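Student: I would like to go through the charged pairs in this model and then turn to the interface. Could we start with the overall picture?

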Amino acid sequence: MSDMDRTDPGGPDGASVVEVKTAATAALIPTIRAVASDLAARADFDLDAISDLRMAVDEACATLVDIAAPGSSLRCAFSVHDERIGVEAEVDVAAPDTTVSTDTFGWRVLQTLADEVELVGAKDNGRPTIGIKLDKRAAALPR
Amino acid sequence: MLDPAPESSGRAGALSATLSSPAPDVRLLTVAGEVDTLTAPRLADGLTGLLDDERSTPVVDLADVSFLASSGLAVLIHAAHRATGQGRALHLVATSRAVTRPLEITGSDRLFEMHSGLEEVLTGGGSGPAPRGAD
């Protein structure tokens, strides 16, 4: 149900890009957050930042799986830069007016964990999609 | 600790939550595994059972929890409020970063009596005043 592509370095601005695609089901999110954690550790993120990224990716994916169209895939792309990792997670949704509620505990936690969070609505080959983009720096802010 | 036999709840089997009484006035919920959207309901069930017993000091041992998502945090926070409503504190044993970091970064650690080991609870130490019920 899941496949992973590790592409060569050479994405925009020299980032290494890793894409994970799974069925949009909560049962496969542990796999995606493990990838996030592994990439952050290899990129020398500090331990708090690794923990934050793993939790942020989990939260973003769980949010999207909740609203995904039946049978949709969950696509999660990681861009590993020198001092930060960018994440773009996306699912297909059944109705074009599907939205993510940002007035939730989970969304507030996501905003706390990530340095940047953005909700993205788009169309992929005419199908409506919803995505969450987030950015995490290698050194976590002390709290 | 005792690990319950595999149950027929599919992929949520990655979490166990076991109730025990390590001391006459202490009720303990030992949690092991990953707490996420799939497994948080099992944690919630365990916490409900823990707090249904209003006569003992409620303790949750999260030392063997390797991941805590916001869904798990929400369940813990709900339990903390329930305990407060009962006039007592909910004690958490948290040692791993996977648990302490989410609690600290969201500020929710303030809702609990935090401990770095189970012995600390059983001998009455901790981050705040001794709970009622220790009489």
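Tutor: A search of the whole structure gives 16 salt bridges over all chains, a salt bridge being a side-chain nitrogen of Lys or Arg within 4 Å of a carboxyl oxygen of Asp or Glu. This is a predicted model, in which local features need pLDDT of at least 70 and side-chain atom pairs count only at pLDDT 80 or more, while totals for chains, interfaces and linings use all residues. Residues are numbered from 1 along each chain as its sequence is written, chains are lettered from A and ligands numbered from 1 in the order in which they are written, and side-chain values use heavy atoms, with hydrogens and water left out.

Student: Which residue forms a salt bridge with Asp58(A)?

Tutor: Arg33(A) does, with the closest N and O atoms 2.8 Å apart. Because Asp58(A) lies in helix H2 (residues 47-67) of chain A and Arg33(A) in helix H1 (residues 29-42) of chain A, the pair ties together parts that are 25 residues apart in sequence. Helices here are DSSP runs of H or I with at least four residues, strands are runs of E with at least two, and both are numbered from the N terminus.

Student: Are Asp58(A) and Arg33(A) buried or exposed?

Tutor: Both Asp58(A) and Arg33(A) are buried. Buried means under 20% relative accessible area, exposed over 50%, and partly exposed in between (1.4 Å probe, protein chains only).

Student: What about chain B, where does Arg27(B) pair up?

Tutor: The side chain of Arg27(B) meets that of Asp53(B) in a salt bridge, at 3.9 Å from N to O. Arg27(B) is partly exposed at a relative accessible area of 22%, and Asp53(B) is partly exposed at 25%.

Student: Now the interface: how many residues of each chain are in contact?

Tutor: In chain B, 19 residues are in contact with 21 residues of chain A, where contact means heavy atoms within 4.5 Å. The two chains bury about 1700 Å² between them, 59% of it on carbon and sulfur atoms; buried area is the accessible area (1.4 Å probe) that two parts lose on being put together, summed over both.

Student: How many salt bridges cross the interface of chain B and chain A?

Tutor: The rule finds six across that interface. One of the salt bridges in the model joins the side chains of Asp36(B) and Arg33(A), at 2.9 Å from N to O.

Student: Which residues are linked with Arg33(A) in a network of salt bridges?

Tutor: Arg54(A), Asp58(A), Glu34(B) and Asp36(B) are linked with Arg33(A) in that network.
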